[in-house]
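User: I am new to this structure and would be grateful for a close look at a single part of it. Please treat that part in one connected account.

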Amino acid sequence: MDSTYLEPSLYTVKAVFILDNDGNRRLSKYYDPELYPTMKEQKNFESNIFSKTHKADNEIAFLEGMTIVYKNSIDLFFYVVGSAQENELMLMSVLNCLFDSLNHVLRKNVERRCLLDNMEGVFLVVDEIIDGGVILESDPQQVLQKVNYRADDNPLTEQSVAQHLTEKLALTTNILQSAKEQIKWSILK
């Protein structure tokens, strides 16, 4: 038996990060504290990966003993990193889930400015997909459901404002009716 055989582990993702088209970090999460323990080492790793992948047409790279799957969109590069023995298809399913979920959260506008304007949603999506290096979800619809982003969530429009006001008016009417009933019964006692 080979001495380099590793036991299967749930901790499949070592890191996730998003870089802009200049190689600057926009988001990063490292799940293995021994992998790159300092910020300087992490940034060097990201820079090295970016220089090898930003002009390539591939979707997978093997670098520094790591399996890296990546995808780009307009001015962003998305990376998911696993160990050298990790299944590339699993890592790719995480990457696709991340990208598809962000595509929905950012309303099909996956670019740097929109990402920066919606960082809270971006972090929620990442945290719903991966927790401590363990893949929790690979279905974008499930991720979106968990972070409460629905396809019908649009910016305020005339119709959505009218609907919101109608709902609030109905709620207020119900509260007033309930208060009238309580006052009536307290006076009749």
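In what order do the five strands of the open sheet lie, and is their pairing parallel or antiparallel?

Analyst: The model is a predicted one, in which local features need pLDDT of at least 70 and side-chain atom pairs count only at pLDDT 80 or more, while totals for chains, interfaces and linings use all residues. Residues are numbered from 1 along each chain as its sequence is written, and side-chain values use heavy atoms, with hydrogens and water left out.

The five strands of the open sheet follow the order E2-E1-E5-E4-E3, and their pairing is antiparallel. Strands (E, at least two residues) and helices (H or I, at least four) are DSSP runs, numbered from the N terminus; two strands pair if DSSP finds at least two bridges between them. At the edges stand E2 (25–30) and E3 (60–63), each of which pairs on one side only. From one strand to the next, the twist averages 20 degrees; axes are lines fitted to C-alpha atoms, for helices over the stretch in contact, and angles run from 0 to 180 degrees between N-to-C directions.

Eight of its eight residues are buried, so E1 is largely enclosed by the rest of the structure. Here buried means under 20% relative accessible area, exposed means over 50%, and partly exposed lies in between (1.4 Å probe, protein chains only).

E1 pairs with E2 in the antiparallel sense over five bridges, and leucine 19 stands opposite arginine 25 of E2. The two strands form a hairpin with four residues between them, and glycine 23 in the turn has a positive phi of about 85 degrees. With strand E5 (residues 76–83), E1 pairs in the antiparallel sense over seven bridges. In E5, isoleucine 18 has phenylalanine 78 as its bridge partner, and aspartate 20 has leucine 76.

Two helices lie across E1. Helix H2 (residues 88–105) lies across E1, E3, E4 (66–73) and E5, at about 25 degrees to E4. Helix H4 lies across E1 and E2, at about 30 degrees to E2. The buried residues of H4 (residues 119–129) are Met119, Gly121, Val122, Val125, Val126 and Ile129. Their arc around the axis is only 160 degrees, which puts them on the same side of H4; the arc is that of the directions from the helix axis to the C-beta atoms.

Nonpolar side chains tend to be buried together in soluble globular proteins. A nonpolar core is a set of buried Ala, Val, Leu, Ile, Met, Phe, Trp, Tyr and Cys residues joined through side-chain atoms within 4.5 Å. The largest one has 31 residues, of which Ile18, Phe78, Val80, Leu98, Leu102, Val125 and Ile129 touch the most other members. E1, E5, H2, H3 (112–117), H4 and H5 (140–146) each supply at least two residues of this core, and H2 gives the most, with nine. Apart from this core lies another, of 17 residues, among them Leu19, Phe45, Ile49 and Phe77.

Leaving aside neighbours within four places in sequence, isoleucine 18 is in contact (heavy atoms within 4.5 Å) with residues including Arg25, Phe78, Leu102, Leu115 and Val122.
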